[in-house]
Amino acid sequence: MPARTTIPFDLKALDRDGLAAFVAEQGWPAFRAKQLFGWLYGKGATDFDTITVLPKAMRERLAEVAHIGTIREVQRQVATDGTVKLLYELSTGRRVESVLIPDFDDVSGKAKRLTVCVSSQVGCAMGCHFCATGLMGFHQNLTPGEIYDQVFHLNTLALERFGKGVTNVVFMGMGEPLQNYKAVTAATRLLTDPDALGLSPKRVTISTVGLARRIRTLADDIAAGAVPPVRLAISLHAPTDPQRSAIMPVNRSEKTDLAALKDAVQHYTRTTGQRVTYEYCVFADRNDQPEDARNLARVARWASSKVNLIMYNPVEGTSFTSTGEHALNRFIRVLVDEGVRVTVRRSRGQDIDAACGQLAVLDG
């Protein structure tokens, strides 16, 4: 069967189903798709000649019609707390950052958890006023392979530095994941595939500023088995519409305001049976008062949830500062009294601008 593809394309823009369709299009036996998948995503092959399990004629044909997309590490920074930030260059010349965050055991000193904060876009169109990535604007969506490769490379680095592989992946790097829905959900299938990294879906979290329609779609796709049952986090950061609209432009539409978000979250928890996590950066004198905590508790009661309070990290060009310890403790006490399950995430990698809200690069 003659191939319809005449212009070389990135084979790693395809997930398992896409590879199966491509192999069928080429007229090759179906088992070749499984072999290709294992070498591309399990072994990290970057050149067709290295995939020696394939016949030479097939490798030659692959080189004619496709290429293996790769991301190139151009800079590595290591923070005093062990956090590692990598700057990658894409085939377009644009760049993204991703971060490896170790969590050490207090007794043994060994890494007990290794989390990758992965990027899904170059820049971001959401324009949140406190976020360095939002200040960049949007430049490009990443492919499933480009998303996956960030984790694959950092998994290799984790094995070298810490003696164990990545345990968790959070889509909390550059970009709004649900704006790049098809690629992000394809990447979750890759990350959780036993022939690739084989991560548990409960160890993969997609974070969104609250795109209500896409949250509902994600819930339906998880329920249908089209997407692994990954976890959902909502970047809330303010508990009322006026407060949220002032710092997050996404909230200014009735399609994505708190009422729409409430409906979407309730649909998600009802459809998937999973709770959601609300991410809440605590800003000094903006959203850290007892009344804010009581309003946040009302949001938390929409559906099964927990609240993750985030100590804000400074971003040049913004007027936002992190709340103090006294205000934070007061805020936590109100939430606990209101029956909210709450955790606090401290800054990691702040000295290399690798912490929450600090990822930003110049467009290459």
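This note goes through the predicted model, from the whole chain down to single residues.

1. **Overall make-up.** The chain has 11 helices and 14 strands. Its C-alpha atoms fill a box of roughly 70 × 40 × 40 Å along the principal axes. The radius of gyration is 21 Å, and a compact globule of 364 residues would have a value near 21 Å, so the two agree.

2. **Burial and surface.** Of the 364 residues, 55% are buried. The chain exposes about 15,500 Å². Carbon and sulfur atoms supply 50% of that area.

3. **H7 against H9.** Helix H7 covers residues 212–224, and helix H9 covers residues 258–272. Their axes come within 8 Å and cross at roughly 5°. Angles under 35 degrees count as roughly parallel, so H7 is roughly parallel to H9. On the H7 side, the contact is made by Ala212, Ile215, Arg216, Leu218, Ala219, Asp220, Ile222 and Ala223. H9 supplies Ala260, Leu261, Asp263, Ala264, His267, Tyr268, Thr271 and Thr272. By type, the residues of this contact divide into 10 nonpolar, 3 polar and 3 charged.

4. Where does Asp257 sit? Its place is in the loop between helix H8 (241–247) and H9. Asp257 has a relative accessible area of 15%. The cut-off for buried is under 20%, so Asp257 counts as buried. Leaving out residues up to four places away in sequence, Asp257 touches Asp241 and Asn251. Ala246 is 11 residues from Asp257 in sequence. Their C-alpha atoms are 12 Å apart in space.

5. **Thr269, within H9.** Thr269 is found in helix H9. Is Thr269 buried or exposed? Thr269 is buried, because its relative accessible area is 15% and buried means under 20%. Neighbours within four places in sequence set aside, the contacts of Thr269 are Gln274, Arg275, Val276, Ala303 and Ser304.

6. **Thr277, in a strand.** Thr277 belongs to strand S12, residues 276–282. This threonine is buried, with a relative accessible area of 15%. Which residues does Thr277 touch, not counting those up to four places away in sequence? They are Leu232, Ala233, Ile234, Lys306 and Asn308.

7. Phe283 is found in the loop between S12 and helix H10 (290–300). Its relative accessible area is 1%, so Phe283 is buried. Residues up to four places away in sequence aside, Phe283 touches Phe130, His237, Ile247, Asp288, Tyr312, Phe320, Thr321 and Thr323. Ala327 lies 44 residues from Phe283 along the chain. The C-alpha atoms of Phe283 and Ala327 are separated by 10.0 Å.

8. **Points to check in the viewer.** Begin with the pair H7 and H9, whose axes cross at roughly 5°. Thr269 is in helix H9, whereas Thr277 is in strand S12.

Conventions:
Residues are numbered from 1 along each chain as its sequence is written. This is a predicted model: local features need pLDDT of at least 70, side-chain atom pairs count only at pLDDT 80 or more; totals for chains, interfaces and linings use all residues. Side-chain values use heavy atoms; hydrogens and water are left out. Axes are lines fitted to C-alpha atoms, for helices over the stretch in contact, and angles run from 0 to 180 degrees between N-to-C directions. Helices (H or I, at least four residues) and strands (E, at least two) are DSSP runs, numbered from the N terminus. Angles under 35 degrees count as roughly parallel, over 145 as roughly antiparallel, 65 to 115 as roughly perpendicular and the rest as oblique. Contact means heavy atoms within 4.5 Å. Ala, Val, Leu, Ile, Met, Phe, Trp, Tyr, Cys and Pro count as nonpolar, Asp, Glu, Lys and Arg as charged, and the others, Gly among them, as polar. The radius of gyration is taken over C-alpha atoms; the globule rule is 2.2 Å times the number of residues to the power 0.38. Buried means under 20% relative accessible area, exposed over 50%, partly exposed in between (1.4 Å probe, protein chains only). Accessible areas come from the Shrake-Rupley method with a 1.4 Å probe; for residues, only the protein chains shown count as cover.
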